[in-house]
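Here are a few friendly notes to read alongside the model.

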Amino acid sequence: MVFGAEKDALEIPNVLPLLPVRDIVVYSYMFLPLFVGRESSIMAVEEAMKKNRLILLATQKNPAEDNPTPNDIYPVGTVAMIMRKLKLPDNRIKILIQGLVKARIKKYTQESPVYMVEIEKMIEPVFGDVSVEIEALMRNVKEQCEKILSLKGLISSEILEILENVNDPGRLADLVASNLKLNIEESQRILEIVDPVVRMKKVHEHLTKELELSTMQAKIQSQAKEEMSKTQREYFLREQLRAIKSELGDLDDKAQEINEFSQKIEKAKMPPDAEKESRKQLSRLEQMHPDSAEASIVRTYLDWMIDVPWSISTKDNLDIKKAKRVLDEDHYDLDKVKERILEYLSVRKLKKKMKGPILCFVGPPGVGKTSLGKSIARALGRKFVRISLGGIRDEAEIRGHRRTYIGALPGRIIQGLKQAGTNNPIFMMDEIDKVGTDFRGDPSAALLEVLDPEQNFAFSDHYLNIAVDLSNVLFITTANLADPILPALKDRMETIELSGYTDEEKLKITRQFIFPRQLEENGITAKDLDISDEAILAVINQYTMEAGLRNLEREIGSICRKTARSIAEGKTEKTKISRSSLHKFLGAPKRLPEEGQETHEVGIATGLAWTQAGGDILYIEAAILTGKGGLVLTGSLGDVMKESAQAALSYTRSRAKGLGINENFFEKHDIHVHVPAGAIPKDGPSAGVTMAVALISALTRLPVSKDVAMTGEITLRGRVLPVGGLKEKSLAALRQNIKTIIIPERNRKDLEDIPQTIRNKVNYVFARHMDDILDIALMKNRRPR
């Protein structure tokens, strides 16, 4: 490698005018037109034209800067010759320049009105013989340039000839760099490299990256072109097919589809607003391409609009006696519900147009709420639709999704109407007390419009976006508990409570419904199996503990299956099941009744509790211990029962003198109140009087009658407050052979809801004050020694 003199014989002075350029880096041997508009730049060009046409071109660091300072200009640029100059009408000038040699700015000799700079020419090494390594590098660069130009479709014989004729590594590097789309910083970095080989390697790196990008770009363009060609081909063939069908006189698919939709819309007999919207969407569909995504959405919408039963309804069975007979065939008892349905039918018979009632059946599991809805539909001669609301958290489940969403559908209400095929079905919504809520909305709030007779004549579904009349629908909701239901929603519904069944009712239901159904389901007849009433009552009391009938039906089904197996194995005689042989079919009893008290005891009172499985006996025990006046409560008691115990103790202490209790007694003794079965959580407001009786018995040493059960809440003044669940509590007392029950005076009116068979067996004693209860519950003439 030897260093030579300047490539051209042209003498370049040490001081030259400076022209700052934007968005470009000028290399040696580069021909380039430039537009000059800044006043200082124009003066720099004029200064160069006056002398030797030579000017230094240096790039600005920030292209947006209109008045760059020396710090805003890169220190290395290119000395260029101004070949031509042309003045433009807008006072700008256009010049054609040729890059000569790189130069470094040593200092600025003048900054106004034009920049004059002292320069130092950057002389590059000159190669005598090019080495094999440099030759290979140059060939690699040329081949990469050809590949990139070929991928971009810009290759021509002139370009190839220019590349082949360049044999100087520095000149080749500058030629390639000037045509690469590099940013200003990278281009300037290459310009400032003096060694041609190092500059060539840097350019080779950028070429490799550019080749990868060009290859990927060409691949993407090729795929897009193939897809476009395929689409154009399909469109061309489809148009040809349409033209052929037209020539043959066949109606094309699109026109046929539009015609079918039009006929279906007319046949659906929609309300004016719904028909107007359907016609509008049909018009849009007619103008769309059949295979477009939007066309599919419009088709789905029109299908739903057509499928909604706008004008289809079933005729009600207005024969009151026949409806009553159907209800009695399907369900035993439930007189309140049956009476309400027959009232509706009676009014419907007298008045043709009326709003459907909104009923809510509240009761424990298994009492027949859902099956009652089916029975009502059969009695009225209507279609039956059921949806479960348990766990629903999205408002769109009720109102539907807006059509802007992919996969949008109407809500469960409109889907139910479509499923029924009529606009007046029996619409049952199960588990309305288990509706949830989250960030997607509150379904309970959406149900306010559905279950309000004053609003549901114009129910708005987000998907259809058209008012739908639900006033002809008879809505029935079910719930296990009424408390979790939204108060505003509960206010819109007519609540009918379905309490549990008595043992006698379960026996009759088993004989009338469950046993025949299980015989049929298991392929046997009454000739093969017979169960005594005592055995059925044993199943009810010892193998199930529920207010409803589900577990009872499972146990009866188990007996039938075992009988079917014995018949399949060859048994021919009839199977008879008695109470004593029941364990052979169902195993040992799963539940034993609470043991009754054998004697009248001090500090033990018999209370009555309500549970979801029916009524139960609750023995409350009180004991007096030496201590400091504390109250100990055990037995997994809830907050309400703890407060009842505290109220009972406060009442007892306030009446200590009248009860014959020393006033200082409480300061030296602790009181322990326990409710057995400590593993079972207990809570409720009806144990107050029982706790007070147990406490007073323990303190006065007067025994409590084992033949008396009680229920009611107590105040600090001793008043007895009303409670609920009297029917279930009465049944619990009867199961324990207790015939006397003390209940609050204000519950006297509730005896009407208790079956006469139970009232005939129980002696109800009404109490206004704790004194009334103490007179009956405590055995004052049997104080123990």
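1. Which residues in H17 meet which residues in H19? On the H17 side they are Lys506, Thr510, Ile514, Phe515, Arg517, Gln518 and Leu519. Their counterparts in H19 are Leu552, Glu553, Ile556, Gly557 and Cys560. Sorted by class, this contact has 6 nonpolar, 3 polar and 3 charged residues. Please bear in mind that this is a predicted model.

2. Now for the geometry of that pair. H17 covers residues 503-521 and H19 covers residues 550-568. The two helices pack at an angle of about 45°, and their axes are 10 Å apart. That angle makes H17 oblique to H19. The crossing of H17 past H19 is right-handed.

3. Next, the sheet. Its 5 strands form an open sheet with parallel pairing, in the order S8-S9-S12-S7-S13. S8 (384-388) and S13 (494-497) are the edge strands; each has a single partner strand, so one side of each is left without a neighbour in the sheet. On average, neighbouring strands are turned by 20° against each other, direction ignored.

4. S7 (residues 358-362) pairs with S13 in the parallel sense over 4 bridges.

5. H11, residues 335-350, lies across S7, S12 (474-479) and S13. Relative to S13, H11 runs at about 145°.

How values were computed. Residues numbered from 1 in each chain as written. Predicted model: local features only at pLDDT ≥ 70, side-chain atom pairs only at ≥ 80, totals over all residues. Heavy atoms only, no water. Axes fitted to C-alpha atoms, helices over the stretch in contact; angles between N-to-C directions. Parallel < 35°, antiparallel > 145°, perpendicular 65-115°, else oblique. Left-handed = near helix turned anticlockwise from the far one by under 90°. Contact = heavy atoms within 4.5 Å. Nonpolar A, V, L, I, M, F, W, Y, C, P; charged D, E, K, R; others polar. Pairing = 2+ DSSP bridges.
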